[in-house]
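Dear colleague,

Please find the structure below, handed over for your records. My notes on its contacts, core and strands follow.

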Amino acid sequence: MPAALAALAFAAGCSSGDDETKSSSPSTPSASASSDGARNAVEAYVNALNSRSAAGLIEVGGVKDEKWSRQEAEQILADRGGRGWKIKDVQVEHDMGPDTGSARLMAEDKAGKLLQDTFTVMREKGTWHLAVFTQQPAESGKDSASTAKPSS
């Protein structure tokens with residue numbers, strides 16, 4: 001009986017079914033289209049940086065064009081915008097499901113400075129967005145999570 005359990009455990013450990021969904025070059029057409037859409041969102045982000053477009057960042061970030069998002073977009077552009085970034089590599093992994101994953105970007109600016117960043121990518125209503133905005137206010141009527149250390 002223990003040998004049968006060991007054989008089952010070994011067979012389960014050898015399964016590679018999950019590896020296909022994490023690959024940056026998936027074998028299924030729908031997964032490939034998902035990776036292409038997420039990759040296009042990363043390219044749109046780099047284009048927005050290069051053109052210093054706050055509206056482009058807001059669009060690729062999937063947030064509303066409001067005072068807070070324009071301010072944060074301007075801060076992102078002040079830090080990284082207008083440098084002539086050229087994408088060296090983008091790796092997309094659907095490690096959180098078909099509509100959510102991560103994208104790793106490696107780019108180089110005109111001066112040879114490297115940009116490496118990792119983003120959460122998510123598909124909402126068929127459009128891929130990057131989670132580049134961190135200062136989004138809580139929805140009306142909802143409390144935001146506290147980042148303070150608990151007192152004990």
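Beyond residues up to four places away in sequence, Tyr-45 touches Leu-57, Val-60, Ile-76, Arg-80, Leu-105, Phe-119, Leu-130 and Val-132, a contact being heavy atoms within 4.5 Å. Please note that this is a predicted model, in which local features need pLDDT of at least 70 and side-chain atom pairs count only at pLDDT 80 or more, while totals for chains, interfaces and linings use all residues. Residues are numbered from 1 along each chain as its sequence is written, and side-chain values use heavy atoms, with hydrogens and water left out.

Tyr-45 also belongs to the largest nonpolar core, which has 29 residues; with Leu-49, Leu-57, Leu-105, Leu-130 and Phe-133, Tyr-45 touches the most other members. Such a core is a set of buried Ala, Val, Leu, Ile, Met, Phe, Trp, Tyr and Cys residues joined through side-chain atoms within 4.5 Å, where buried means under 20% relative accessible area (1.4 Å probe, protein chains only). At least two residues of this core come from each of helix 3 (29-50), helix 4 (54-61), helix 5 (67-80), strand 1, strand 2, strand 3 and strand 4 (127-130). Helix 3 gives the largest share, seven residues. Helices (H or I, at least four residues) and strands (E, at least two) are DSSP runs, numbered from the N terminus.

Turning to the strands, strand 1 (residues 86-93) runs antiparallel to strand 2 (residues 100-108), joined by seven bridges; strands pair if DSSP finds at least two bridges between them. Val-90 has Leu-105 of strand 2 as its bridge partner. Strand 2 also pairs with strand 3 (residues 114-124), antiparallel over nine bridges, and Ser-102 is bridged to Thr-120 in strand 3.

With kind regards

Notes. Buried means under 20% relative accessible area, exposed over 50%, partly exposed in between (1.4 Å probe, protein chains only).
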